[in-house]
Amino acid sequence: MHIPDGYLGPITCVAGYVAMVPIWAIASNKVKKTLQAKQVPLLAIGAAFSFVIMMFNVPIPGGTTGHAVGAVLVAILLGPWAATIAVSVALVIQALLFGDGGLTAIGANCFNMAFVLPFVGYAVYRTISGNSPITAMRRVVAAGIAGYIGLVTASLCAGIEFGLQPLLHHTASGQALYCPYGLKVAITAMVGEHALIFGWVELIATALVVKYLQKQEPGLLQANREVVK
Amino acid sequence: MKTMTKLWIGLGILAIASPIGLYLPDKLKAGSAWGEWGADEMKGLIGYIPSGLEKLSSVWNAIMPDYAFKGWGGKGLGHLSFAYVISALIGIALCIGGAWLLGKFLSGKGR
């Protein structure tokens, strides 16, 4: 889901940054108010976890690859605004150093994976887990479903961004200037592969870590609850 | 052992295991992610390289493109796996550094 340079035209690239600048500003503000000094290491681990989990490319045999992002897990532990910061750090480093995701597309990529993904996932997690105890199995299920829905929603956003390009930019003869695939093809491909395969990887990763923390350190799962109120 | 220590160790294990993300796609003949094709691949798909894509695609020269060392494109899976682990370790270190500094800066100012 790391959109490279050249796939999005200037309008979408600028729109991505225009959307993200206030989101980053609000996220900084929220994190400033809620993040406790002792949670800083967890924020760092969250960014690093997101970075490395994205390197685990999962293949569709004979087809394409994809991966989990880990953003919903960070949102469950530290809240969605902190997840925006952590995943943005990972995405910027991936783009600058490793050419994974374009420089011009950092705004759009952060919007999809560092904003839409953790916020949708977090909303699903809160809704499903309700008032259940912190160690309830229901929270493991909630975390998994949240990861799945979050990732699929983010892939829908990426599909829309890809698919808008032939409408926004083309030559007089109809040749594409940027991504050549329209909304129907792009959304079908992005949502299809994430719903069928990669969403399940996010589901399993998110649920497993929450299950592990319930056993080892339920305090970590609790911390964000106080912060939110 | 403290849980935080275990989480740090977990990150290290993920870094060392990361070549799985290189090896599996190779063995199962999976190509690029959708929408992340290089300009040449794009030509194979639609018959031409969109002119804007061609211009913008080289706007940035990453230091370690595709989580490998420059010029390692044609190397074998062994070499690439080594570069992948190094990339994971560098990336993890930078993420920790970046997020830590940001977190310190933000949490310190909130008091």
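Predicted model: local features only at pLDDT ≥ 70, side-chain atom pairs only at ≥ 80, totals over all residues.

Residues are numbered from 1 along each chain as its sequence is written, while chains are lettered from A and ligands numbered from 1 in the order in which they are written.

Confidence comes in two parts. The predictor gives the complex an ipTM of 0.94 and a pTM of 0.94. Chain B has an average pLDDT of 91, and 97% of its residues score at least 70. pLDDT is the predictor's confidence in each residue, from 0 to 100.

Now chain A. It has 8 helices and 2 strands. Helices (H or I, at least four residues) and strands (E, at least two) are DSSP runs, numbered from the N terminus. The order from the N terminus is α-α-β-β-α-α-α-α-α-α. Chain A has a radius of gyration of 18 Å, close to the 17 Å that the globule rule gives for 229 residues, so chain A is as compact as a globular protein of that length. That radius is taken over C-alpha atoms, and the globule rule is 2.2 Å times the number of residues to the power 0.38. The C-alpha atoms of chain A fill a box of roughly 60 × 40 × 30 Å along the principal axes.

How much of chain A is buried? Of its 229 residues, 62% are buried. Buried means that 20 or more other C-beta atoms lie within 10 Å of the residue's own; exposed means 12 or fewer, partly exposed is in between, and C-beta atoms are placed from the backbone.

Look at helix α3 of chain A, residues 71-78. There, 8 of the 8 residues are buried, so α3 is largely enclosed by the rest of the structure. Among them are A:Ala71, A:Val74 and A:Leu78. Just after α3(A), A:Gly79 takes a positive phi of about 95 degrees.

Next, a helix pair. The axes of α1 (residues 10-34) and α5 (residues 106-129), both of chain A, come within 6 Å and cross at roughly 50 degrees. The two are therefore oblique to each other. From α1(A), the contact includes A:Thr12, A:Gly16 and A:Met20; from α5(A), it includes A:Gly107, A:Phe111 and A:Phe115. By class, the residues of this contact are 9 nonpolar, 3 polar and no charged. Axes are lines fitted to C-alpha atoms, for helices over the stretch in contact, with angles from 0 to 180 degrees between N-to-C directions. Under 35 degrees is roughly parallel, over 145 roughly antiparallel, 65 to 115 roughly perpendicular, and the rest oblique. Residues are in contact if their C-beta atoms, placed from the backbone, lie within 7 Å. Ala, Val, Leu, Ile, Met, Phe, Trp, Tyr, Cys and Pro count as nonpolar, Asp, Glu, Lys and Arg as charged, and the others, Gly among them, as polar.

On to chain B. It has 5 helices and 0 strands. Its radius of gyration is 19 Å, whereas a compact globule of 111 residues would have one near 13 Å. Of those 111 residues, 33% count as buried.

Last, the contact between the chains. Chain A gives 61 residues and chain B gives 53. On the chain A side, α2(A) gives the most, with 11 residues. That side has 39 nonpolar, 17 polar and 5 charged residues.

Conventions: Contact = placed C-beta atoms within 7 Å.
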